[in-house]
Amino acid sequence: MDATSGPVGRMAYDAVLHNLMLIGEAANSIREDLSTALPGTPWHSIIGLRNIVAHEYFRVRPDLIADIVDNDLRSLAIGLRRLLDD
């Protein structure tokens, strides 16, 4: 059974996709001085993911979404919190 099976799993997965779209939309609007303050952050990939989720939904791969959630979001959140604290 995968994370998207069943009504609750499907709702959670859809909520994750929605939030990834919001992150991508925010990344698309971030000021250049802020984006350069987090070197190594794949801003273009974040924005690209937003575009795929929003406009090419059937290209979304649940395994890649799970990998992003499991391995990438935490470091992005930590970096953004550091920027806000400075």
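Biologist: Is Y57 buried, partly exposed or exposed?

Modeller: Y57 is partly exposed, because its relative accessible area is 34%. Buried means under 20% relative accessible area, exposed means over 50%, and partly exposed lies in between, with a 1.4 Å probe and protein chains only.

Biologist: And what about F58, buried or exposed?

Modeller: F58 counts as exposed, because its relative accessibility is 82%.

Biologist: How many aromatic pairs does the structure hold?

Modeller: The structure holds one aromatic pair. Y57 and F58 form this pair, which is edge-to-face, with 6.0 Å from centre to centre and 85° between the planes. Rings of Phe, Tyr and Trp (its six-membered ring) pair if their centres lie within 6.5 Å; planes under 30 degrees apart count as stacked, over 60 as edge-to-face and the rest as tilted.

Biologist: Where do these coordinates come from, and how are residues numbered?

Modeller: This is a predicted model, in which local features need pLDDT of at least 70 and side-chain atom pairs count only at pLDDT 80 or more, while totals for chains, interfaces and linings use all residues. Residues are numbered from 1 along each chain as its sequence is written, and side-chain values use heavy atoms, with hydrogens and water left out.

Biologist: How many helices and strands are there?

Modeller: The chain has five helices and zero strands, in the order α-α-α-α-α along the sequence. Helices (H or I, at least four residues) and strands (E, at least two) are DSSP runs, numbered from the N terminus.

Biologist: What span should helix α1 have?

Modeller: Helix α1 covers residues 6–29, and its 24 residues should span 34 Å at 1.5 Å a residue. The expected span is 1.5 Å times one less than the number of residues. The end C-alpha atoms of α1 are 35 Å apart, which agrees.

Biologist: Which residues of α1 are buried?

Modeller: They are G9, Y13, L17, L20, G24 and A27. Their cover includes α3 (43–55), α4 (62–71) and α5 (73–85).

Biologist: Let us turn to R50. Is R50 buried or exposed?

Modeller: R50, found in helix α3, counts as buried because its relative accessibility is 19%.

Biologist: Which residues does R50 touch?

Modeller: Not counting residues up to four places away in sequence, R50 touches L20, M21, G24, E25 and H55. Contact means heavy atoms within 4.5 Å.

Biologist: Finally, what share of the chain is buried?

Modeller: Buried residues make up 24% of the 86 residues in the chain.
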